[in-house]
Amino acid sequence: MNVAAEDKARYRNKKGEITTNVLAAVTPDLQFSYVLTGWEGSAADGRVLKDALSRKNGLKVPKGKK
C-alpha cells in the first residue's frame with residue numbers, strides 16, 4: 001500500500017506500521033456477504049463498523065442476529 005507522506009500518520013497502527021483496516025462479514029456457509037476496505041490503521045473498530053452500518057448499501061444485520 002502506498003500512502004502519501006502527509007497521510008502516513010493516520011495510517012500508522014499502535015506498533016508504528018502503515019496499515020489499513022478491513023471489515024468483512026461472512027455467511028454461515030463462509031461466503032463473503034460484505035467487505036469494507038480503506039479505513040486508516042489508526043481508526044477504531046467501532047468507528048469502522050458504524051460507518052459500514054450507516055452507508056446506503058452498507059452492512060445489514062439480519063433481525064434477531066445482533
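Is Leu30 buried or exposed, and at what relative accessibility? At 67%, Leu30 counts as exposed; exposed means over 50% relative accessible area, buried under 20% and partly exposed in between, with a 1.4 Å probe and protein chains only. A word before the views: this is a predicted model, where local features need pLDDT of at least 70, side-chain atom pairs count only at pLDDT 80 or more, and totals for chains, interfaces and linings use all residues. Residues are numbered from 1 along each chain as its sequence is written, and side-chain values use heavy atoms, with hydrogens and water left out.

**View 1. The whole chain runs α-β-β-α along the sequence.** That makes two helices and two strands; these are DSSP runs (helices: H or I, at least four residues; strands: E, at least two), numbered from the N terminus. The chain is more spread out than a compact globule, because its radius of gyration is 14 Å, well over the 11 Å that the globule rule gives for 66 residues. The radius is taken over C-alpha atoms, and the rule is 2.2 Å times the number of residues to the power 0.38. Along the principal axes, the C-alpha atoms fill a box of roughly 45 × 25 × 20 Å. Buried residues make up 24% of the 66 residues.

**View 2. Leu30 sits in the loop between strand 1 and strand 2.** Its phi is near 65°, a positive value in a residue other than glycine. Most residues other than glycine have a negative phi.

**View 3. Val22, Val26, Leu30, Phe32 and Val35 form a nonpolar patch on the surface.** Together they have about 540 Å² of accessible area. Strand 1 (20–26) and strand 2 (32–40) are the elements that give two or more residues to this patch. Patches are made of residues with over 30% relative accessible area and no salt bridge; like charges are joined within 9 Å, and nonpolar side chains (Val, Leu, Ile, Met, Phe, Trp, Tyr) within 5 Å. Accessible areas come from the Shrake-Rupley method with a 1.4 Å probe, and for residues only the protein chains shown count as cover.

**View 4. Asp51 in helix 2 (residues 45–54) pairs up with Arg55.** Their side chains meet in a salt bridge at 2.8 Å, N to O; the term means a side-chain nitrogen of Lys or Arg within 4 Å of a carboxyl oxygen of Asp or Glu. Asp51 is buried at 18%, whereas Arg55 is partly exposed at 40%. The side chain of Asp51 also makes a polar contact with that of Trp39, at 3.0 Å. A polar contact is a pair of N or O atoms within 3.5 Å; within protein, one must be able to donate a hydrogen and the other to accept it, and residues adjacent in sequence count only if both atoms are side-chain atoms.

**View 5. Arg47 forms a salt bridge with Glu40.** The closest N and O atoms are 3.8 Å apart. Glu40 is buried at 10%, but Arg47 is partly exposed at 45%.
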